[in-house]
Amino acid sequence: MKKFTTLSLVALSVFLASCSKIVGAAIPTQTISNPAGLEGKQLVASSPLMIESVRGTVSYSTAGAPFDDIQIPDLPFGIKPGGLDFKTGFSQIDVTGACVKPQTFTVTVRDVKVDASDAAASASFTANAAAQFTLTKSSESAGKAAYGVSDTKLNVSADVETAKKFFSILTTGGKNTVSVTATISASDNGLAGCTMGFILKDVSVTLSKFQ
(Lines give C-alpha, C1' and ligand atoms only; values in the text may rest on other atoms or scores of the structure.)
Protein backbone atom coordinates (compact mmCIF):
# COMPACT_ATOMS: atom_id res chain seq x y z
CA MET A 1 0.00 0.00 0.00
CA LYS A 2 2.82 2.38 0.94
CA LYS A 3 4.60 1.53 -2.35
CA PHE A 4 1.40 2.19 -4.29
CA THR A 5 0.93 5.57 -2.54
CA THR A 6 4.52 6.56 -3.35
CA LEU A 7 4.06 5.62 -6.99
CA SER A 8 0.79 7.56 -7.09
CA LEU A 9 2.50 10.68 -5.72
CA VAL A 10 5.28 10.37 -8.27
CA ALA A 11 2.76 9.96 -11.07
CA LEU A 12 0.80 12.98 -9.82
CA SER A 13 3.97 15.09 -9.67
CA VAL A 14 4.89 14.11 -13.22
CA PHE A 15 1.35 14.88 -14.38
CA LEU A 16 1.33 18.32 -12.74
CA ALA A 17 4.78 19.12 -14.14
CA SER A 18 3.54 18.16 -17.61
CA CYS A 19 0.43 20.31 -17.17
CA SER A 20 2.61 23.22 -16.04
CA LYS A 21 4.74 22.99 -19.19
CA ILE A 22 1.75 22.62 -21.50
CA VAL A 23 -0.21 25.49 -19.94
CA GLY A 24 2.91 27.64 -19.64
CA ALA A 25 3.69 27.23 -23.33
CA ALA A 26 0.22 28.56 -24.15
CA ILE A 27 0.63 31.77 -22.11
CA PRO A 28 1.64 34.66 -24.39
CA THR A 29 4.47 37.06 -23.61
CA GLN A 30 3.36 39.68 -21.08
CA THR A 31 4.72 43.26 -21.26
CA ILE A 32 4.47 45.55 -18.23
CA SER A 33 4.78 49.21 -19.18
CA ASN A 34 6.43 51.65 -16.79
CA PRO A 35 7.33 49.12 -14.07
CA ALA A 36 8.13 50.70 -10.71
CA GLY A 37 7.13 54.11 -12.06
CA LEU A 38 10.51 54.49 -13.76
CA GLU A 39 9.18 56.45 -16.74
CA GLY A 40 10.65 59.96 -16.74
CA LYS A 41 13.02 59.26 -13.84
CA GLN A 42 16.70 60.14 -14.23
CA LEU A 43 19.75 57.91 -13.94
CA VAL A 44 22.27 60.26 -12.31
CA ALA A 45 26.07 60.06 -12.34
CA SER A 46 27.65 59.17 -9.01
CA SER A 47 30.83 61.09 -9.91
CA PRO A 48 32.23 63.19 -12.80
CA LEU A 49 33.27 61.37 -15.96
CA MET A 50 36.92 60.33 -16.08
CA ILE A 51 39.40 60.14 -18.96
CA GLU A 52 39.94 56.65 -20.42
CA SER A 53 37.27 56.73 -23.06
CA VAL A 54 35.44 59.12 -20.69
CA ARG A 55 33.79 56.58 -18.42
CA GLY A 56 31.59 56.65 -15.35
CA THR A 57 28.46 55.18 -13.76
CA VAL A 58 24.85 56.33 -13.49
CA SER A 59 22.12 54.97 -11.23
CA TYR A 60 18.57 55.37 -9.96
CA SER A 61 16.70 53.74 -7.07
CA THR A 62 13.05 53.74 -6.01
CA ALA A 63 14.19 53.39 -2.37
CA GLY A 64 12.61 56.75 -1.47
CA ALA A 65 9.29 55.73 -3.03
CA PRO A 66 8.69 51.96 -2.75
CA PHE A 67 5.86 50.68 -4.95
CA ASP A 68 3.10 48.10 -4.53
CA ASP A 69 3.16 44.60 -5.98
CA ILE A 70 2.44 44.44 -9.70
CA GLN A 71 -0.92 42.82 -10.42
CA ILE A 72 -0.63 39.80 -12.74
CA PRO A 73 -3.56 37.48 -13.63
CA ASP A 74 -3.52 34.33 -11.49
CA LEU A 75 -1.41 31.59 -13.08
CA PRO A 76 -2.29 27.91 -12.52
CA PHE A 77 0.07 25.13 -11.37
CA GLY A 78 2.53 27.61 -9.82
CA ILE A 79 3.61 28.75 -13.27
CA LYS A 80 6.23 31.51 -13.41
CA PRO A 81 8.06 33.23 -16.26
CA GLY A 82 11.49 31.86 -17.18
CA GLY A 83 12.31 34.91 -19.27
CA LEU A 84 12.58 38.53 -18.14
CA ASP A 85 13.70 41.45 -20.32
CA PHE A 86 14.17 45.01 -19.01
CA LYS A 87 13.96 47.62 -21.77
CA THR A 88 14.28 51.39 -21.83
CA GLY A 89 15.14 54.31 -24.04
CA PHE A 90 16.15 57.85 -23.05
CA SER A 91 14.24 61.04 -23.85
CA GLN A 92 17.06 63.40 -22.85
CA ILE A 93 20.58 63.38 -21.46
CA ASP A 94 21.82 66.35 -19.43
CA VAL A 95 25.53 67.17 -19.23
CA THR A 96 26.45 69.32 -16.22
CA GLY A 97 29.72 70.87 -15.10
CA ALA A 98 32.86 72.54 -16.43
CA CYS A 99 33.79 70.57 -19.55
CA VAL A 100 33.59 70.79 -23.31
CA LYS A 101 30.03 70.13 -24.45
CA PRO A 102 30.27 69.05 -28.10
CA GLN A 103 27.43 69.43 -30.56
CA THR A 104 27.23 65.67 -31.05
CA PHE A 105 28.86 62.59 -29.52
CA THR A 106 28.02 58.98 -28.70
CA VAL A 107 27.48 57.26 -25.36
CA THR A 108 27.73 53.51 -24.85
CA VAL A 109 25.86 51.94 -21.94
CA ARG A 110 27.77 48.82 -20.95
CA ASP A 111 27.28 46.73 -17.81
CA VAL A 112 23.79 47.18 -16.40
CA LYS A 113 22.78 45.91 -12.95
CA VAL A 114 19.13 45.64 -11.89
CA ASP A 115 18.21 44.96 -8.25
CA ALA A 116 14.78 44.25 -6.76
CA SER A 117 13.77 43.61 -3.16
CA ASP A 118 10.81 43.51 -0.78
CA ALA A 119 10.46 42.60 2.90
CA ALA A 120 10.89 38.90 2.14
CA ALA A 121 13.55 38.56 -0.57
CA SER A 122 15.98 40.22 -2.94
CA ALA A 123 17.39 39.45 -6.38
CA SER A 124 19.72 41.04 -8.89
CA PHE A 125 21.21 40.46 -12.31
CA THR A 126 23.96 42.06 -14.38
CA ALA A 127 24.13 42.05 -18.15
CA ASN A 128 26.45 43.53 -20.75
CA ALA A 129 24.14 45.72 -22.82
CA ALA A 130 26.66 47.46 -25.13
CA ALA A 131 23.90 49.78 -26.39
CA GLN A 132 25.15 52.89 -28.21
CA PHE A 133 23.26 56.20 -28.28
CA THR A 134 23.91 59.25 -30.47
CA LEU A 135 23.45 62.58 -28.65
CA THR A 136 22.70 65.93 -30.29
CA LYS A 137 22.78 69.16 -28.32
CA SER A 138 19.35 70.80 -28.11
CA SER A 139 20.03 73.63 -25.62
CA GLU A 140 22.78 75.06 -23.43
CA SER A 141 22.89 77.38 -20.42
CA ALA A 142 25.49 78.24 -17.79
CA GLY A 143 27.23 75.00 -16.86
CA LYS A 144 24.62 72.71 -18.41
CA ALA A 145 23.62 71.35 -21.83
CA ALA A 146 20.62 69.21 -22.79
CA TYR A 147 20.91 66.58 -25.53
CA GLY A 148 18.34 64.79 -27.63
CA VAL A 149 18.96 61.04 -27.87
CA SER A 150 18.72 58.59 -30.77
CA ASP A 151 15.81 56.17 -30.59
CA THR A 152 17.96 53.25 -29.41
CA LYS A 153 16.71 50.77 -26.82
CA LEU A 154 18.66 49.38 -23.90
CA ASN A 155 17.67 45.74 -23.45
CA VAL A 156 19.01 43.41 -20.74
CA SER A 157 17.79 39.91 -19.85
CA ALA A 158 17.82 37.73 -16.74
CA ASP A 159 18.40 33.97 -16.63
CA VAL A 160 15.60 31.56 -15.74
CA GLU A 161 16.15 31.36 -11.96
CA THR A 162 16.63 35.12 -11.61
CA ALA A 163 13.52 35.79 -13.70
CA LYS A 164 11.48 33.62 -11.32
CA LYS A 165 12.89 35.44 -8.28
CA PHE A 166 12.11 38.85 -9.77
CA PHE A 167 8.58 37.72 -10.61
CA SER A 168 7.96 36.56 -7.03
CA ILE A 169 9.35 39.77 -5.52
CA LEU A 170 7.41 42.10 -7.82
CA THR A 171 4.08 40.27 -7.50
CA THR A 172 4.07 39.18 -3.83
CA GLY A 173 5.50 40.22 -0.47
CA GLY A 174 4.37 43.85 -0.33
CA LYS A 175 6.23 47.08 -1.08
CA ASN A 176 9.10 46.78 -3.55
CA THR A 177 12.31 48.66 -4.28
CA VAL A 178 14.10 48.55 -7.63
CA SER A 179 17.43 50.10 -8.55
CA VAL A 180 19.27 50.34 -11.87
CA THR A 181 23.01 51.02 -12.21
CA ALA A 182 24.93 51.25 -15.49
CA THR A 183 28.50 51.78 -16.61
CA ILE A 184 28.80 54.36 -19.39
CA SER A 185 31.49 55.64 -21.72
CA ALA A 186 31.44 58.65 -24.07
CA SER A 187 33.26 59.21 -27.35
CA ASP A 188 34.63 62.72 -26.57
CA ASN A 189 37.41 63.09 -23.97
CA GLY A 190 36.49 66.77 -23.61
CA LEU A 191 33.54 65.63 -21.45
CA ALA A 192 35.85 64.57 -18.62
CA GLY A 193 34.93 66.37 -15.40
CA CYS A 194 31.22 66.66 -16.19
CA THR A 195 28.35 64.52 -14.93
CA MET A 196 25.50 63.03 -16.96
CA GLY A 197 21.83 62.45 -16.20
CA PHE A 198 19.76 60.04 -18.32
CA ILE A 199 15.96 60.58 -18.37
CA LEU A 200 14.20 57.25 -18.93
CA LYS A 201 11.63 56.76 -21.71
CA ASP A 202 9.45 53.84 -22.85
CA VAL A 203 10.39 51.67 -19.87
CA SER A 204 9.00 48.14 -19.85
CA VAL A 205 9.50 44.65 -18.46
CA THR A 206 8.62 41.71 -20.71
CA LEU A 207 7.81 38.33 -19.14
CA SER A 208 8.02 35.22 -21.32
CA LYS A 209 8.82 31.48 -21.37
CA PHE A 210 6.17 30.64 -18.77
CA GLN A 211 6.72 27.23 -17.19
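1. The expected span of a helix is 1.5 Å times one less than its number of residues, and helices (H or I, at least four residues) and strands (E, at least two) are DSSP runs numbered from the N terminus. Helix H2, residues 160–171, has 12 residues and reaches 17 Å from its first C-alpha to its last, close to the 16 Å expected at 1.5 Å a residue. After H2 comes Gly173, with a positive phi near 90°.

2. This is a predicted model, in which local features need pLDDT of at least 70 and side-chain atom pairs count only at pLDDT 80 or more, whereas totals for chains, interfaces and linings use all residues. Residues are numbered from 1 along each chain as its sequence is written, and side-chain values use heavy atoms, with hydrogens and water left out.

3. Buried means under 20% relative accessible area, exposed over 50% and partly exposed in between (1.4 Å probe, protein chains only). The buried residues of H2 are Thr162, Ala163, Phe166, Phe167, Ile169, Leu170 and Thr171. With contact taken as heavy atoms within 4.5 Å, these residues pack against strands S4 (81–96), S5 (104–117), S6 (122–141), S8 (154–158), S9 (177–186) and S10 (195–210).

4. Leu84, in strand S4, is buried with a relative accessible area of 5%. Leaving aside neighbours within four places in sequence, the contacts of Leu84 include Ala163 and Phe166, as well as Phe125 and Val205. Leu84 also lies 8.6 Å from Lys209, C-alpha to C-alpha, although 125 residues separate them in sequence.

5. Rings of Phe, Tyr and Trp (its six-membered ring) pair if their centres lie within 6.5 Å, with planes under 30 degrees apart counted as stacked, over 60 as edge-to-face and the rest as tilted. The whole structure holds four aromatic pairs. One of them, Phe105 with Tyr147, is edge-to-face, at 5.1 Å centre to centre and 75° between the planes. Because Phe105 lies in strand S5 and Tyr147 in strand S7 (residues 144–149), this pair ties together parts 42 residues apart in sequence. Phe105 is buried at 4% relative accessible area, and Tyr147 is buried at 0%.

6. Phe125 and Phe166 have ring centres 5.4 Å apart and planes at 65°, so this pair is edge-to-face. Phe125 lies in strand S6 and Phe166 in helix H2, so the pair ties together parts 41 residues apart in sequence.

7. A nonpolar core is a set of buried Ala, Val, Leu, Ile, Met, Phe, Trp, Tyr and Cys residues joined through side-chain atoms within 4.5 Å. The largest has 53 residues, of which Phe90, Phe105, Val109, Val112, Met196 and Phe198 touch the most other members. Phe90, Phe133 and Phe198 form one aromatic cluster.
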